[in-house]
Amino acid sequence: MTIRRVRALFLILAVVTSVNLCVLGVRWSPAELDLAQDPGTEETYQLLLTNDSDERVTLTIYVGDWQRDENGINDFGVPMNGARWEFTQAFSSGDLVELRYTVQLPDEGSVDVQGTFRSWSPQMIESIVGAEQISSSAIEQPDPYVSSLWTTITRSVESVDADGIASIVLTLRVGLDFEGLTIEETYAQGIQIISLDAAGGSFDTVNRSNADWISLSHPQVTLDPEESREIAMTVTMPPDYSGSSWSIIYAESRVVATGDGSGTQILTLASVGMKVFTTAPGTEVMAGEVTYVREQTTTPLAISAAFSNTGNVQLVVNSRLQIIDQTGEVVRDVRFSEYGRDYFRILPGSQRTITIADEADMPPLPIGIYQAIFSFDFGGDSDIAGVRAFRVK
Amino acid sequence: MLPNRLARLMTWGLLLVSLSLFVASVDVTAAQLGDVTITLEDYKYRQNKDRTKFVYRVSSSTRPNDQAWILELGDCILPEFVNEALTSPFTWTEEPFQGLRFVRTRRSQKFVVWLSGQWDKGVASMALITGTAGNEEILIGEIDGPYCVGSSIALEITAGAGISFPPISGPGLFLADQETTLRVTSSSSGWTLSHSLDLTIPTGAWAETVERMFLLTMSPFAALEGTADIQVAYTLNPNEEDFGGLPQGDYVIGITFVVSTD
């Protein structure tokens, strides 16, 4: 321990922002794009990128995937054209875990894939081994379990059916104990990935991504202070697409500054993302359903509801909670709001959970039986609602 | 100006996504609608009053009769932005597009428009309507006017450059020598701010150890339309065990701050 402390005296730890800039800034205009474009067409749009820094900076521009989680929080960590599995539990030496998923092979019948996995504690990052090209000729059963000190994940193609759907198995063999695991698979092109068995982990992918349809005129630009540059974005819509798809275009400043004499290199990164939605006109399906309504607590009152977007376009949803007592009187009538808005947005295929609770100074509901009506207006023909009866004791 | 201008405007309305992003590069300070000449005589932003002035002259060789001139105001310009006291008498109209309707009474007439705030100048539509309801002739053209630049979202790091920690001399709580100030400017509410770490650490160091003992704290903020300043503070809180994963050397914690619409 003494040795460690002596060593620590020499530890120099620096947190980064910037060294040689007073102001570092990036601006996209517009803030977001919502494009209507026919399937099978190619269109080019102009975006405006501005350097708000007081120095000349180089901005890297690239496309990524994103989604929202059940609480409406943006998740930018899903790999583009890929999928992510996360496990919070501990794994022990000798564990064998199999994950299964399918991919729809492109017309050419094969697609390349690469993957990595990262344990959280202790931390290690390794590549997934095994089949790197998914096709019918790559079908191979997973290797029988072989004890090893090394933790490995092997990819195998189990089958490819007549429709070109390939079944993939990821086999995790645990060498040394660890806790927490993230697995990422990244395909060479946009492809539909469906989880069959996530082995208890969470699974995320963006099956309605348009990232692969977008090409940019500039992967990188260098701009003077307050200089703006038009970036051409070409969107090639596939011929058989319906509904909406989405991605995000990042403009990221990267400043490499010299250290302060201690040899420390400092990086400063500011990134602004422009979300891009593309929708095939005339194919929009707006649909939703209330998955559940439940009381979190009755004193103070807090009612939650989950709304699922079962259509194929993003929905803008207004929500309202009414509490009705046994006499039929409406004793609560509250509209949902967040970020100063009276609505939330939800991507197709997603679920959003919202909770409406009494303000701290509200008197509690008297003892009795009540009905909670959570209604959602998403622009459809009529509102939909979920109802839940509950008792206040 | 062109017979099909109205139809083209409607088409533009359907394609409003990206086509309204930029200020047109060609100024249109004078235009002709029939025998009527419209000229933008003055355009000025008064910083002390935070308002913008557009002055037009509308003139013709003959005295107008039942004639109105309409200047388009884009969707981003609300009626309350128009300073009624300073602007020439007008009525707010939605046809053939949203804007201000001025009645012509003289051969040469000056129309003044005052808008609260600072407005860029760009190509706006205008119309000349002659006749009475049901028997109107409409001419449509373009002139420089108040312009909706479009939405935007920006992130600035306005302070907090060169932040470092004091030497880590043992277990305990270490504060960075200063905070970072982020400024988010968004044309709409509901934006999101996140960050990710990218570590550069000496050989033999555990990234998880650094991640565990590093804490980034943002001041509360409301993701509303406009500008928000956010303070970011940093602490390191190593325990005795952490030192086993921290060999001597230089450590860099790269932080990418990411902002986007919700």
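Which elements of chain B have the lowest and the highest mean pLDDT? In this predicted model, the lowest value belongs to helix α2 (residues 16-19) of chain B, with a mean of 30. Strand β6 (residues 99-104) of chain B has the highest, at 96. Chain B averages a pLDDT of 81. In that chain, 87% of the residues score at least 70. Over residues 1-26 of chain B, pLDDT stays under 50. For this stretch the model has 33 contacts beyond four places in sequence. The model as a whole scores ipTM 0.83 and pTM 0.75.

Strand β6 of chain B belongs to an open sheet of five strands. The strand order is β5-β6-β4-β8-β9 (chain B), and the pairing is antiparallel. The edges are taken by β5 (91-93) and β9 (135-147) of chain B. Each has a single partner strand, so one side of each lacks a neighbour in the sheet. Neighbouring strands of this sheet are turned by 30° against each other on average, direction ignored. Strand β4 (residues 67-72) of chain B pairs with β6(B) over six bridges, in the antiparallel sense. Leu71(B) has Leu100(B) as its bridge partner in β6(B).

Chain A is divided into domain 1 (16-66 + 210-279), domain 2 (82-199) and domain 3 (288-392). The C-alpha centres of domain 1 of chain A and domain 3 of chain A are 37 Å apart. Their contact takes five residues from domain 1 of chain A and four residues from domain 3 of chain A. On the domain 1 side of chain A, the residues divide into one nonpolar, four polar and no charged.

Definitions and conventions
Residues numbered from 1 in each chain as written. Chains lettered and ligands numbered in written order. Predicted model: local features only at pLDDT ≥ 70, side-chain atom pairs only at ≥ 80, totals over all residues. pLDDT = per-residue confidence, 0-100. Helix = DSSP H or I, 4+ residues; strand = E, 2+ residues; numbered from the N terminus. Contact = placed C-beta atoms within 7 Å. Domains from an automatic or database assignment. Nonpolar A, V, L, I, M, F, W, Y, C, P; charged D, E, K, R; others polar. Pairing = 2+ DSSP bridges. Axes fitted to C-alpha atoms, helices over the stretch in contact; angles between N-to-C directions.
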